[in-house]
Amino acid sequence: MMWAAMTRSFEILYSFIEYYANRTAGAPGNKSPAGSAAGSTSAAGDPKGGAAAGAQGGPGGAQNKQLQNVKGDHPSMAFLQSRSISLVDMYIDNSEPSENVGQIHFSLEYDFQNTTLILRILTAKELPAKDMSGTSDPYVRVTLLPDKKHRLETKIKRRTLNPRWNETFYFEGFPIQKLQSRVLHLHVFDYDRFSRDDSIGEVFLPLCQVDLSEKPSFWKALKPPAKDKCGELLTSLCYHPSQSILTLTLLKAKNLKAKDINGKSDPYVKVWLQFGDKRIEKRKTPIFKVTLNPVFNETFSFNVPWEKIRECSLDVMVMDFDNIGRNELIGRILLAGKNGSGATETKHWQDMITKPRQTIVQWHRLKPE
């Protein structure tokens, strides 16, 4: 009887040890430093400047075995992989680009000892001409989504449609498991000294699709960024000349552009009352979490004398709130009697003036800029 009790005790102890070992091995990134692009460093140093550094040594046989273990059949890892795929599903797109905007050549490597992802941006070819000279001044902006705050950039290559960068970027503090839920975003721009840089094309690569043990190299076709698909905003305008009160009501929005990796956004609306180019007064709605179809039902009133109603305008910006990075513009409209952001916006303002004390309701298509 004593022997049976001892045997049972050993069985319980063994089961406990086996459970704890499996639990520790299966916890993704357990007790590992939290990697983020804040720990990323570029061989280029400052954005758009500096020289490329040499590559670090690649992983050995033991490290390849480590990666194979990560890709094993452990239940915890199966859960992690399925979760990662669901997060990046919106970026998995095997369709052909709608137009040819060139290709980009880059490679990936993983330093197991230092838990560092190594990205080399090599070359691009057949980029479209964005300048009067028939060439472009291309550079690449690098982001590891969903982190939008920390962006790295290559040097600018002047007057070429086939640039050669050969630059190396290091994303430090990223355990292999954590990379499963990251998306590499490469966005090629044409630099312009006097105006906003032109977008040439972009590539999204979910890292859960990549076998880093093979140090893969890619030629990827660039896809032109989606334009004019920012969503719509339903607003109403009303003006009381005797009280000098201009009232804007933000009712709701629909089909907003997704800005987050979960396929949603956290929208709010920011409104500026302007006289000419001078901003006078700002208002904001609350933030609506995880939705592309928010119902705002917010009313803002501004004091505008009758003699100035034709000189003023309302700059209405739908924004995506971000806890970590900078809030992003989803789309905007300019409501004005002259030079509104479109014919619909100008007509809405004019209808408000010609029909005083009446509430004029109108849908507007949001513009990307």
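Which strands do the buried residues of α5 pack against?

## Helix α5

They pack against β10 (232-240), β11 (245-254), β15 (312-320), β16 (328-336) and β17 (360-365). Helices (H or I, at least four residues) and strands (E, at least two) are DSSP runs, numbered from the N terminus. Buried means under 20% relative accessible area, exposed over 50%, partly exposed in between (1.4 Å probe, protein chains only). The buried residues of α5 include Glu345, His348, Trp349 and Met352.

Helix α5 covers residues 343-354, twelve in number. From first C-alpha to last, α5 reaches 16 Å, close to the expected 16 Å. That expected span is 1.5 Å times one less than the number of residues.

## Basis of the model

This model is predicted: local features need pLDDT of at least 70, side-chain atom pairs count only at pLDDT 80 or more, and totals for chains, interfaces and linings use all residues. Residues are numbered from 1 along each chain as its sequence is written, and side-chain values use heavy atoms, leaving out hydrogens and water.

## Nonpolar cores

A nonpolar core is a set of buried Ala, Val, Leu, Ile, Met, Phe, Trp, Tyr and Cys residues joined through side-chain atoms within 4.5 Å. The largest has 32 residues, and Leu108, Leu119, Val142 and Leu184 have the most contacts inside it. A second, separate core of 29 residues includes Leu237, Val318, Leu335 and Leu366.

## Glycine 134

Glycine 134 sits in the loop between β3 (116-125) and β4 (138-145). At 36% relative accessibility, glycine 134 counts as partly exposed. Beyond four places in sequence, glycine 134 is in contact (heavy atoms within 4.5 Å) with Ala129 and Leu161.
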